[in-house]
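Hello,

As promised, I am handing the structure over to you here.

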Amino acid sequence: LCPQVPELEKATVRIRQPERVRGIIRSLREQGVAKLQVVSDFDMTLSRFGCNGRRCPTSHNILDTSRVISEDGRKKLKDLLHYYYPIEIDPNRTLEEKCPLMVEWWTRAHELLVQQKIRKDDIAQIVRESEAMLRDGFKEFFDRLHKNSVPLFIFSAGVGDVLEEIIRQASVFYSNVNVVSNYMDFDDDGVLTHFKGPLIHTYNKNNTVLQGTEYFQQLSTRTNIILLGDSMGDLTMADGIPSVENILKIGFLNDKVEERRGKYLEAYDIVLESDETLDVVNGILRYILTE
């Protein structure tokens, strides 16, 4: 496909329009580092979906299953997950159907977390004790973007405080990393009182959340985008960016692969099936960013 990016030959890679992908990658390289930015989801995209046959936790799961949540709270959060997650990934439901249900899920989950009186001071320890894992190759990914001053914009429907802590503990929270997510608000005693708005769920990750933010103003010249996601909702993450010239959409298909393959191949330029690494992304970045 692209001899300069041997990683694209991996067995996990599926591409519907190889010619088109080759053209985009070439343009990204020709137009150079000054025009590039990376827009990425976090949970199950930068973090791993599974390890040794077990599911890895999302930033919400890390909280939901931690020692600071009561037995009863844990059960209620799990019930919500079992009810709403199948709806979230159901290929036969429309976005119009899913959206209000996602708002309902996130709102109820956040309310349950607030009832647990979580302390700000506990978050670092909760993350340390969790089984959170970033994908293999994360260090090269974060380091290379930082070294080349390429902005990395993480757009997450997870819990911002938790995912920032994961990146911090992995020692890759560099100055070029910006996060938009659901952040907790604590009172003067450091106890969680509510979540700050606006609420970000799987299917509203777009410019409505970002309109007018300084971040977007700064990046108006960064018109070439590599977008990384693992759900259909992640496809809109770059919608607020003015005058996009080239966008390469890379999708991690982690779950229900056979069932969802068709939809992913239509939506994403490159689909990575059950691939727990950032090898392909790193290979592309290496090619684009090497003099």
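**A covered helix**

Helix α7 (residues 160-169) is mostly covered, with eight of its ten residues buried. Buried here means under 20% relative accessible area, exposed means over 50%, and partly exposed is in between, using a 1.4 Å probe and protein chains only. Helices (H or I, at least four residues) and strands (E, at least two) are DSSP runs, numbered from the N terminus.

Before going on, a word on the ground rules: this is a predicted model, where local features need pLDDT of at least 70 and side-chain atom pairs count only at pLDDT 80 or more, while totals for chains, interfaces and linings use all residues. Residues are numbered from 1 along each chain as its sequence is written, and side-chain values use heavy atoms, with hydrogens and water left out.

Back to α7: its buried residues are Gly-160, Asp-161, Val-162, Leu-163, Glu-164, Glu-165, Ile-166 and Ile-167. The cover over them includes the helices α2 (59-64), α5 (123-129) and α6 (138-147), and also the strands β5 (152-159), β6 (177-182) and β7 (184-186). After α7 comes Ser-171, which has a positive phi near 60°.

**Domains and core**

The domain assignment of the chain gives domain 1 (6-51 + 133-289) and domain 2 (54-129); such bounds come from an automatic or database domain assignment. Taken over C-alpha atoms, the centres of the two domains are separated by 21 Å. Across the boundary, 36 residues of domain 1 are in contact with 31 residues of domain 2, contact meaning heavy atoms within 4.5 Å.

Which residues touch the most other members of the largest nonpolar core? They are Phe-141, Ile-226 and Ile-284, in a core of 89 residues. At least three residues of this core come from each of domain 1 and domain 2.

**A helix pair**

Helix α1 (residues 18-31) and helix α11 (residues 279-289) have axes that come within 8 Å and cross at roughly 45°. The two are therefore oblique to each other. On the cut-offs used, angles under 35 degrees count as roughly parallel, over 145 as roughly antiparallel, 65 to 115 as roughly perpendicular, and the rest as oblique. The axes are lines fitted to C-alpha atoms, for helices over the stretch in contact, and angles run from 0 to 180 degrees between N-to-C directions.

Ile-25, Leu-28 and Arg-29 of α1 make the contact with Ile-284, Tyr-287 and Ile-288 of α11. Sorted by class, that contact has five nonpolar residues, no polar ones and one charged residue. (Ala, Val, Leu, Ile, Met, Phe, Trp, Tyr, Cys and Pro count as nonpolar, Asp, Glu, Lys and Arg as charged, and the others, Gly among them, as polar.)

**Loops and backbone details**

Ala-132 sits in the loop between α5 and α6 and counts as partly exposed, at 24% relative accessibility. Its C-alpha atom is separated by 8.0 Å from that of Ser-59, 73 residues apart along the chain.

Is Ser-66 buried or exposed? With 7% relative accessibility, Ser-66 counts as buried. You will find Ser-66 in the loop between α2 and α3 (71-89), where it touches Arg-74 and Ile-126, not counting residues up to four places away in sequence.

Some backbone angles may also interest you. The peptide bond from Gly-197 to Pro-198 is cis, with omega near -10°, and Pro-198 is in the loop between β8 (192-195) and α8 (207-210). Lys-117 is not a glycine, yet has a positive phi of about 55°; this residue lies in the loop between α4 (95-115) and α5 and is exposed, with a relative accessible area of 57%. Ser-274, in the loop between β11 (270-273) and α11, has a positive phi too, near 45°.

Best wishes

Note on methods
A nonpolar core is a set of buried Ala, Val, Leu, Ile, Met, Phe, Trp, Tyr and Cys residues joined through side-chain atoms within 4.5 Å.
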